[in-house]
Amino acid sequence: MTERVAATPGLYPLPDWAKETLSDLKGHQKGDLLSGDESEAITEEYADVRAEYVDDQLDAGLDRVSEGQGRWDDMIAHPLTVHDSVETGGIVRYYDNNNFYRDPRVVDDLDFSGDVARELEAAAELVGDAAPLAATLPGPYSLAALATDEHYGDDAEFQAAVAEFLAGEVEAFPAHETLFLLEPSLVTSPPAEGEESAATEAIATVASATDADVVVQTSYGALGEKLYAHLVDEAGADALGLDLVAGDRDETVYNVQEFGSTDSLALGLVDGQNTLVEEAETVAERVEWFESQIPAEGFDTTYLTPNTELFYLPANKYREKLHALAAAAEVLD
């Protein structure tokens with residue numbers, strides 16, 4: 001019987017009460033974005049944000065609780081932008097939307113950082129035994145694709161170095177049940193034909209660093225057929241995350257029908273960029289519709305997730321979407 005798990009990887013929106021305080025503490029210019037050596041006042045403010053995120057998830061009844069990434073100035077680049085071997089360049093637009101990140105220019109070896117592990121340790125202390133913990137990291141393909149290499153000098157070597165760096169970070173994580181690797185670039189800027197295996201090998205490097213279930217979470221539409229097949233066969237993931245909100249969902253269903261799937265799947269079921277809140281019954285119907293299209297006995301686990309991170313939303317809407325996902329999992333039970 002398939003286990004249905006409600007979970008929300010990635011960034012959450014900053015609470016309204018924290019926005020002005022953090023803006024004043026951090027400043028308002030590019031040079032005032034997070035650098036990894038923030039003041040005690042900033043650290044304490046983010047600790048309060050983290051505690052609220054955990055409370056929101058426990059209150060909603062999610063099956064996995066994440067840290068929420070409140071400290072992250074962006075959804076992918078953060079682990080590099082706070083690294084000592086990285087200098088930050090100009091502001092770059094993310095994925096053809098109105099969000100931006102600082103171009104991380106890698107200028108030296110990517111050795112161990114521990115920044116994300118420290119965040120996760122703080123979240124683990126807050127969660128305790130109340131729920132299993134989920135960790136979130138950018139996937140190596142997307143992180144390398146969005147960064148600028150000024151040190152390694154070869155695209156394949158750089159991607160492999162990013163993967164090794166992320167794997168080292170994962171090895172320092174506290175106990176976690178699920179690891180989400182965010183890989184939107186696999187959809188928006190997929191590897192060139194013949195280079196798919198390099199991308200999946202990089203993902204497998206990170207996946208092999210944990211005993212937790214690993215979900216490669218994609219967004220913004222359907223994966224290309226050939227890349228999808230490579231990911232199923234080579235990425236070492238327990239689940240692929242598939243966007244069922246995007247209009248090309250039939251292509252996603254075709255991929256699973258034609259090429260099979262990982263033992264588990266993560267389905268992007270609520271719109272992370274739209275303030276309209278889906279009813280729990282609607283979310284449950286989307287799961288049942290998808291599973292009815294697949295000629296298989298079922299999956300080990302179906303993760304019920306947003307199709308993108310929820311940081312795009314107002315805080316009240318993000319909370320309502322947490323509740324919708326958790327309630328949908330209960331409807332399906």
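Trainee: Where is Tyr-220 found?

Mentor: Tyr-220 is found in the loop between strand 7 and helix 9. Helices (H or I, at least four residues) and strands (E, at least two) are DSSP runs, numbered from the N terminus. Before we go on, note that this is a predicted model, in which local features need pLDDT of at least 70 and side-chain atom pairs count only at pLDDT 80 or more, while totals for chains, interfaces and linings use all residues. Residues are numbered from 1 along each chain as its sequence is written, and side-chain values use heavy atoms, with hydrogens and water left out.

Trainee: What is the phi of Tyr-220, and is the residue buried or partly exposed?

Mentor: Its phi is near 75°, a positive value in a residue other than glycine. For accessibility, buried means under 20% relative accessible area, exposed over 50%, and partly exposed in between (1.4 Å probe, protein chains only). Tyr-220 has 22% relative accessibility, so it counts as partly exposed. Gln-69 also has a positive phi, near 55°, and sits in the loop between helix 2 and helix 3. With 4% relative accessibility, Gln-69 counts as buried.

Trainee: How should I read the sheet, and in which order do the strands come?

Mentor: Strands of a sheet pair through backbone hydrogen bonds, either parallel or antiparallel. By the rule used here, two strands pair if DSSP finds at least two bridges between them. In this model seven strands form an open sheet with parallel pairing, in the order 1-10-9-8-7-6-4. Strand 1 (3-6) and strand 4 (134-138) are at the edges with a single partner strand each, so one side of each has no neighbour in the sheet. From one strand to the next, the twist averages 25°.

Trainee: How many bridges join strand 7 to strand 8?

Mentor: Three bridges link strand 7 (residues 213-217) with strand 8 (residues 239-243). Val-216 stands opposite Leu-240 in strand 8.

Trainee: Which strands does helix 11 lie across?

Mentor: Helix 11 (residues 280-292) lies across strand 1, strand 8, strand 9 (264-270) and strand 10 (301-306), at about 140° to strand 9. Axes are lines fitted to C-alpha atoms, for helices over the stretch in contact, and angles run from 0 to 180 degrees between N-to-C directions. Contact means heavy atoms within 4.5 Å.

Trainee: At what angle do helix 9 and helix 10 cross?

Mentor: The axes of helix 9 (residues 225-234) and helix 10 (residues 249-259) cross at roughly 55° and come within 10 Å. Angles under 35 degrees count as roughly parallel, over 145 as roughly antiparallel, 65 to 115 as roughly perpendicular and the rest as oblique. Helix 9 and helix 10 are therefore oblique to each other. In this contact, Glu-225, Tyr-228, Ala-229 and Val-232 in helix 9 meet Tyr-254, Asn-255, Val-256 and Phe-259 in helix 10.

Trainee: Which residues of helix 4 are buried?

Mentor: Among them are Val-116, Leu-120 and Val-127. The buried residues of helix 4 pack against helix 2 (40-60), helix 3 (78-81), strand 4 and helix 6 (155-171). Just after helix 4, Gly-128 has a positive phi of about 60°.

Trainee: What separates the C-alpha atoms of Glu-330 and Arg-4?

Mentor: They are separated by 8.5 Å, although the two residues are 326 residues apart along the chain. Glu-330 lies in helix 12 and is exposed, with a relative accessible area of 60%.
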